[in-house]
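Please walk me through this structure in connected paragraphs, giving the cut-off behind each term as it comes up.

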Amino acid sequence: MIRWDWIGRNLPEIRELLGDHIVMALLPILLGLLIALPLGLASVRWRRLYQPTVGIMNVVYSLPSLAVFIVLIPITGLAEQATVIVPLTFYALAVLIPSVVDGIASVPTHVRQSAVAMGFGPMRRLLQVDLPIAVPVVLAGVRVATVSSISLVSVGALVGRGGLGYLFIDGWQRQFPTPIVVGIVLILLLALAADGLLVVAQRLLTPWARARSSA
Amino acid sequence: MNWLIEFFGDPDNWSGSSGIPFRLLEHLEFSALALLAAVVIAVPLGLWIGHTGRGALFVVLSANAARALPTLGLLVLIVLLVGVGTTLPVLIPLVALAVPPILVNTYEGIRGVDRDLRDAAYGMGLRGGQVLLRVLVPVALPLILLGMRIAAIQVVATATVAAYVGLGGLGRYIIDGLATKDFASTIGGAVLVALLALAVQTAFTLVNRVAVSPGVSRRVKVR
């Protein structure tokens, strides 16, 4: 079923698609984090912002990706990276904003009070106390968003830019399963690798969690 | 906007086997079948795993792996191997998509029920199965319905892709429009699918309001 010689002959192209895929899957996560952090912090400070923000994000999340890609074509262009990156950024936001809010909310009040009592200003408390404690909850959101993003990019192949998703279209049009299998396997491996890296990042960013469990 | 007027204003789009009502029914038929199959598989499994605590690791691992599974790839692969003859090959990837959210939420819902509540039910003399059906399920219902809602929305959205391998449904407008550079049809189809997804979301909110016992919904924090 798998034609190994096809893989050998097309390695450079597969590598190029993989690179394209990684950019289109991960850039939305980075952008999403950059936007979700300030928005999430604002929603924690002004609680009234939270419900509308989450409401809008829920609606965005329920929009089919293919539909959004298509509606964007007149604006961002057919087969452009932006056509995929913009909607995926919104999907990432829909997951990340609630995790940032839940993460900050997970900081125990007595910890926050201790920080204030020790003379921490608001900015220093945020950077040195609130955010580090929020890391596990935020990263849990980042993991979900990253894995879905990696898988969703492939739908972009239907509008001409889907990274490894191109292999699905190629295999279908030529009625030839090898590229399809290669695409599925690479996407799964990519998701697995990204998820593993995030788990490692979480361990590095929260050394106290390890100290507690080994004590 | 002109595209929308062109698409929705065309009388040909409102009748016959390529009309919106017919395509919508087709779309709902696949989606409902896939969702139903997923519920039949995932709910009993989730109840059992949540109630007995056996196989929890399986739930966590399979849910993460399933999220990474590209539906478009799975769909073209299965149809390529099995053939387009029946709708069954299309249902498989859709069911695979819908099972994890329902399974995870059912499991988490049952497992998350307050221990005291469970103990009280046993203390009142209920047996295992009765505790599950009369206490745990009603309390976990909001989460179970949430899982079904997520699954339903994903299925409705993804059933669009089925048109790519030659099936009907609203995806036809999108895929055919892309193939023939008929942008009005593509945009119109995309808008229809988005509206359908929102309708499903609303429908589940209503079901939630009717089905969940008021004693439960008052205490559950709504996200």
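Predicted model: local features only at pLDDT ≥ 70, side-chain atom pairs only at ≥ 80, totals over all residues.

**Reading the model**

A:Ala79 is partly exposed, with a relative accessible area of 30%, where buried means under 20% relative accessible area, exposed over 50%, and partly exposed in between (1.4 Å probe, protein chains only). The residue sits in the loop between H4 and helix H5 (81-105) of chain A, the helices here being DSSP runs of H or I with at least four residues, strands being runs of E with at least two, and both being numbered from the N terminus.

Residues are numbered from 1 along each chain as its sequence is written, chains are lettered from A and ligands numbered from 1 in the order in which they are written, and side-chain values use heavy atoms, with hydrogens and water left out.

Chain B has 10 helices and 0 strands, and its C-alpha atoms fill a box of roughly 65 × 40 × 25 Å along the principal axes. Of its 223 residues, 49% count as buried. Where contact means heavy atoms within 4.5 Å, 72% of the contacts in chain B between residues at least 6 apart in sequence join residues at least 24 apart.

The unreviewed UniProt entry places the feature "transmembrane region" at residues 30-49, 56-84, 131-150, 156-175 and 187-207 of chain B; these positions are given in the numbering used here, feature names are shortened, and annotations may be inferred rather than shown by experiment. Over residues 131-150 of chain B the chain is 100% helix and 0% strand, with the end C-alpha atoms 27 Å apart. For residues 156-175 of chain B, the span is 40% helix and 0% strand, and the end C-alpha atoms lie 16 Å apart.

B:Thr106, in helix H5 (residues 88-111) of chain B, is buried with a relative accessible area of 0%. Leaving out residues up to four places away in sequence, B:Thr106 touches B:Val43, B:Gly46, B:Leu47 and B:Ile144. The contact takes 38 residues from chain A and 35 residues from chain B. The area buried between the two chains is about 3100 Å², of which carbon and sulfur atoms give 79%; buried area is the accessible area (1.4 Å probe) that two parts lose on being put together, summed over both. A:Ile70, A:Leu158 and A:Trp172 supply 20% of the area that chain A buries against chain B, more than any other three residues. Across this interface the rule finds 0 salt bridges, a salt bridge being a side-chain nitrogen of Lys or Arg within 4 Å of a carboxyl oxygen of Asp or Glu. On the side of chain A that touches chain B, H9(A) gives the most, with 8 residues, and the residues of that side divide into 27 nonpolar, 9 polar and 2 charged, where Ala, Val, Leu, Ile, Met, Phe, Trp, Tyr, Cys and Pro count as nonpolar, Asp, Glu, Lys and Arg as charged, and the others, Gly among them, as polar.
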